[in-house]
Amino acid sequence: MTARERVAGTVANYVDERTGAAKWMKKNLTKVFPDHWSFLLGEIALYSFVILLLSGTFLTFWYDPSQREVVYDGSYVPLQGLHMSAAYASTLDISFEIRGGLLMRQIHHWAALIFMAAIVVHLMRVYFTGAFRKPREFNWIIGVGLLTLGIVEGFLGYSLPDDLLSGTGIRIAEAIIQALPVVGTYLAYFAFGGAFPGEAFIPRIFTVHILLLPGIFLALITVHLMLVWYQKHTQWPGPGRTEKNVVGYPLMPAYMAKAGGFFFIVFGVTAFLGAVASINPIWLYGPYNPGQVSAGSQPDWYMGWLDGLVRMAPPLESHIFGYTIPWNILIPGLIVPGILFTGLALYPFIESWITGDKREHHLLDRPRNVPNRTALGAMSLTFMLVALVNGGNDIIATTFHLGINQVMWFSRFAIFILPPIAFAVTKRICLSLQRADRELVLHGRETGRLLMLPHGEFVEVHEPISPELAWKLTAHEQAPALALEDVDDRGVRRAGGLKNKLRKRISQANAETIAKPTLNDLKEIEHH
Amino acid sequence: MRKLSKLRRSAFASPLLLVVALFAIGTTFSVASATDKTELSVDQRSAQIAEGKQIFLKGCSSCHGLNLEGSAIAPSLIGVGAASVDFQVGTGRMPVADLSQQIARKKPVYNEEQTAALAAYVASTAPGPAIPNDSMLNYERDGNTAEGGTLFRTNCAMCHNFAGQGGALTQGKYAPTLMGVEPKYIYEAMITGPQAMPVFANKTVTPAEKLSIIKWIKAAENEPQLGGAALGRVGPVTEGLLVWTLGLGLLIGVAVWLATKAR
């Protein structure tokens, strides 16, 4: 035993005698995780969150969350002598007076954009591979909660500097609150402590931004990860991988090194962006003034779809019993997002209702093998993309020399027409890919070698694929549609006719598939 | 030295010095206050107007009418003033190349002299805003950047964007970028209100305030890219684009690389 081992052993023993950690660590440090690049997408979000905590803490040292009026006398000449809020002035000071302040501000903002983008791609991975199925429904709901809170948290951060752009954003948020029938005006007054803009809002959202929401985030992320730990990570199907095991590498040392290294890479990329690309140049926007607005005022991208929906809404308004109901804000600003996020959160339950599948799943689906789910995902993404594009309709109009009205009218139709087209096309592509898989298993790989037979016929030589690949292409199960009879065994019509009819119909569409090759198919081919 | 001292006490010394001093002051003043454009004589002016009329009849009258009365496709030019002509012709917007939603800036068709002649001709038919001369455009001396920024954000930013990059208007019209636009043309645009732009009369925005706005625009134009690449200064759209392409592209690339290495 070398001296170093002896020292390490003594320290480890000292800690173990006092905490009993050895047994726990022995079990958990060897915990096995499957390996695939798509399993690292959630980690990007996790590491961005850590970066947000660190850089955000730095910013709180100098940021002054107050709408008290001050006169700017800092070093940025074009604003010298102007009246502005202490919040804006202190953000300018962070940018121009504090060493490294601008870099930190930019890292914080880029990290927020990366955080949200990573959450979205992580959600897409979980959705398209069916990783949300039993037993992971709760974790899916927590994830949707994190996404929703992330949008709110990002918007509050965007609002804190109290520059012209963020003030415009707050004004729109106020308008959306006011759009709620009956209670809207009161809620807006409560939130702002009086009429807009008031002096209460920024201090309030500061507390929510740095205390309440990060606290909830930490709690939810902890539960999210604990559930991953407890339920084990899902894995791709492959030889030797079943619903009862996990094939991969142990946490220590492989994943410790990888995850640790990946954190620094995420930090590096974020710092790189913060160093080379300007984000939210608040000194150009100027201090907020309710009488001013800039062309091309936009929210950050994760709110852009919401702005896009509001921008494309036709001017509809009702007056009922002296109350104004602004449908043009209510529908795109509250009702549609409400439906979208509720549907997203409930999706695991909706799918299990359609398929009738109540079993546990730890093996992932290849997206092509579940055409309806994949097509629904493509449809939702198309919807969001059209909305997002319309959110930047003015920038698109000037960049591509189009009319802003043309872009808006395109979006108004596209939001209804393109998503169903995306559904149909994606479903066909999935079925075609299934067909290609079937061909590959049955006839093998095309080698590109041409053979001339004695009687002059040319044939291409096909090579059988490896057993591993054949397994991968045929491991999935193909469940038939739910056998939902309209009448029960005694010939009586079942209750809930319409609901059953709908369920039957969707279940049938859901089960549409290209039959995967069976052993008999293969044998038959070999006979030829 | 003695000779000089003697001369100094001579009876002619005071009047002579006075004459010399007056001459020096007068010369300095005339040099200092001289403008590069000498005032035209009456004859030269009428010749210029005549030349302008000839250019107008050849190049402009088919749309604007033989007597500047306008037509179905072009406005009347009576009373638009020399400033309007100088702006439209000097920036190449007139004569128009294509009658689309908005007439864009292009290489001028007429040279400076022809433009001046056209302006003089149009101005001779009815009074209107004059071309600001150089002494009226000394924004470095007479403008205030911070005040100009506030005025810009109040009056200009809603169309031209917070940093003067331009923006979209309805039905395919747009507010053009203000970057690289000569101070004279910015000033003329404010007093004449070309195309979709409103007129900012001197009672609304005083000449001094106009110079402040110009000074702020020039400050924004010359401002170094403080936080790194400016991404077009159009707000969060380009930032979102960069995050989804470069940012996430790099990170997903690294994720793929990390997962491959283990095999």
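Among contacts in chain A between residues at least 6 apart in sequence, what percentage join residues at least 24 apart? The figure is 71%, with two residues taken to be in contact if their C-beta atoms, placed from the backbone, lie within 7 Å. Everything here comes from a predicted model, where local features need pLDDT of at least 70, side-chain atom pairs count only at pLDDT 80 or more, and totals for chains, interfaces and linings use all residues. Residues are numbered from 1 along each chain as its sequence is written, while chains are lettered from A and ligands numbered from 1 in the order in which they are written.

Chain A first. Its C-alpha atoms fill a box of roughly 90 × 80 × 60 Å along the principal axes. There are 19 helices and eight strands in chain A; these are DSSP runs numbered from the N terminus, helices being H or I with at least four residues and strands E with at least two. Of the 528 residues of chain A, 37% count as buried, meaning that 20 or more other C-beta atoms, placed from the backbone, lie within 10 Å of the residue's own.

Now for the meeting of the two chains. Chain A puts 58 residues into the contact and chain B 52. On the chain A side, H10(A) gives the most, with nine residues. By class, that side has 37 nonpolar, 17 polar and four charged residues, where Ala, Val, Leu, Ile, Met, Phe, Trp, Tyr, Cys and Pro count as nonpolar, Asp, Glu, Lys and Arg as charged, and the others, Gly among them, as polar.

Setting aside neighbours within four places in sequence, Val122(B) is in contact with Leu68(B), Leu77(B), Val80(B), Ala82(B) and Val85(B).

Chain B splits into domain 1 (42–125) and domain 2 (134–222), with bounds from an automatic or database domain assignment. Their contact takes 13 residues from domain 1 of chain B and twelve from domain 2 of chain B.

Helix H11 of chain B (residues 207–222) has 16 residues and should span 22 Å at 1.5 Å a residue, which agrees with the 23 Å between its end C-alpha atoms; the expected span is 1.5 Å times one less than the number of residues. Buried residues in H11(B) include Leu211(B), Ile214(B) and Trp216(B), and what covers the buried residues of H11(B) includes helix H11 (282–285) of chain A.

Definitions and conventions
A residue is buried if 20 or more other C-beta atoms lie within 10 Å of its own, exposed if 12 or fewer, and partly exposed in between; C-beta atoms are placed from the backbone.
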